[in-house]
Amino acid sequence: MWKSYLLFAFLLMPTLLCAGNRCHSSIIHIYNNGVNNVDEERSYAQWFADSEMARFPQAYQLDHGKRLFFGYAQGVGCCAMLRMWKSTGERRYYDYVKQWADSLINEKGEIHLYDMSAYNLDFINSGKVLFDLYEETGDVRYKKAMDTLIKQLQRQPRTLKGGFWHKLIYQHQMWLDGLYMASPFMAQYGAEFTRPEWIDEAVKQFRLCHQYTYDAATGLYYHAWDESKSQRWANPETGHSPNFWGRSIGWWFMALVDALDYIPERHEGYADLVAYIRGLAEVLPKYQDKDGLWYQVLDQPERKGNFPEASVTAQCMYAYAKAVNKGYIDVRYKEVAEKAFEGLKNKLIVENPDGTLTLTRCCQVGGLGGNPYRDGSFEYYIGEKMRDNDAKATGPFIMGCLELGK
């Protein structure tokens, strides 16, 4: 039985404590038995965002970062902070992101430690934060950096039908993760700068990935597909990886709802993307446990060793809530997102002695191939390292709470 309590730390003590660029607010919470869910969800978004800024005073530290880097996980966290800025009007969230971007992008628009020759789709994700910074400041450095990322995508190695390889080192492979990294960025670039060919490209990538990773028997998506069928993890007949990794499906679900912000309804691919969203929305509740959580290997919650995992749950919570708000799926599906919120709050979130929140049971990383070799087996996924406050989970949690609070 949940008790309804509310935490608004920041209203009683709004003064920011700053030393150089290291800013955070004192966190106090208020218990209130009379609040409704919407207020609670909005409050959790701010409580958790402030918790992240308190433990990671510089945005490069998000996801436990140790150095300045244009990392995709920092991009996820910074996207969440920009949404906090827009939702609350509090400039400190914007400043947190801008300081990070300005530490990475020089006066020529060059990105620190960025290597185009790696043709790594993960690099594209952090480009999403640059749209807001460019709109707010007009600083051409941000546009130059975005143009560089587009140049990478122009040259990105592809499968025979034109699907992006996830990285140059992962030849012939499409991963669900890559759709989140690149397709919403392409669609937004196309919409913002009147380059409709990039909207077309975003849709093309979704269609190809759906064609080669979708499993009609379950309604789920395999983590990856190897066109060459040469990887040890690849099914020799289909090229599929062997399992349905929770976070990879979360990336795919979020990618669809985010890209559709920039794809016109009249576009010939719009209906396909909405259909993919509706298909997932229908099937995912079958795998959600009684507490509202989804599992590391999504379709086998009862199998020994499997466990509820924070990132897939937060990602699906966000995607369901946003899809309802946008009208892509029926309003009844909001209950699925609310159930996920309750599960995260009651089972995986811990309040610390200093008043901050911690999100536990986050998978640190997941992939295929490489050295040591990741074979995509059930045993591989459940054996990956877990940690607290991974930005691949905390960013979607903040954004999901904001969507539920609308």
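This is a predicted model: local features need pLDDT of at least 70, side-chain atom pairs count only at pLDDT 80 or more; totals for chains, interfaces and linings use all residues.

Me: What makes a residue part of the lining of the largest pocket, and which residues lie nearest its centre?

Reply: A lining residue has an atom within 4 Å of a pocket point. The largest pocket has 32 such residues. Cys-79, Leu-82, Arg-83, Lys-86 and Glu-403 lie nearest its centre. The space in this pocket is about 670 Å³.

Me: Which helix gives the most to that lining?

Reply: H2 does, with seven residues. Helices that supply at least two residues each include H1 (37-55), H2 (72-88) and H14 (391-404).

Me: How do you know how many lining residues of the largest pocket are charged?

Reply: Asp, Glu, Lys and Arg count as charged. On that basis the lining divides into 13 charged, 12 nonpolar and seven polar residues.

Me: What lines the second largest pocket?

Reply: Its lining has 27 residues, with Tyr-72, Asp-122, Lys-167, Val-365 and Lys-392 nearest the centre. Two or more residues come from each of H2, H4 (122-125), H7 and H9 (246-259). H2 gives the most here, with three. The volume is about 550 Å³. The lining splits into 12 nonpolar, seven polar and eight charged residues.

Me: Why are H6 and H7 called oblique to each other?

Reply: Their axes cross at roughly 120°. Roughly perpendicular covers 65 to 115 degrees, and roughly antiparallel means over 145. The crossing angle falls between those ranges, so H6 and H7 are oblique. The axes come within 11 Å, and the crossing is left-handed.

Me: Which residues make the contact between H6 and H7?

Reply: Contact means heavy atoms within 4.5 Å. From H6 come Lys-143, Met-146, Asp-147, Leu-149, Ile-150 and Leu-153. From H7 come Ala-182, Phe-185, Met-186 and Tyr-189. Eight of the contact residues are nonpolar, two are charged and none is polar.

Me: What makes the bond from Asn-371 to Pro-372 stand out?

Reply: Most peptide bonds are trans. The bond from Asn-371 to Pro-372 is cis, with omega near 0°. Pro-372 sits in the loop between strand E9 (362-363) and helix H13 (378-382).

Me: And what is the phi of Thr-194?

Reply: Most residues other than glycine have a negative phi. Thr-194 is not a glycine, yet its phi is positive, about 55°. Thr-194 lies in the loop between H7 and helix H8 (196-213).

Note on methods
Residues are numbered from 1 along each chain as its sequence is written. Side-chain values use heavy atoms; hydrogens and water are left out. On a 1 Å grid over the protein atoms alone, a cavity is a set of points where a 1.4 Å probe fits but cannot get out, and a pocket is an open set with protein on both sides within 12 Å along at least five of seven lines; lining residues have an atom within 4 Å of a point. Grid points are joined across faces, edges and corners, and a volume is the space filled by probe spheres set on the points. Helices (H or I, at least four residues) and strands (E, at least two) are DSSP runs, numbered from the N terminus. Axes are lines fitted to C-alpha atoms, for helices over the stretch in contact, and angles run from 0 to 180 degrees between N-to-C directions. Angles under 35 degrees count as roughly parallel, over 145 as roughly antiparallel, 65 to 115 as roughly perpendicular and the rest as oblique. A crossing is left-handed if the near helix is turned anticlockwise from the far one by less than a right angle, and right-handed if clockwise.
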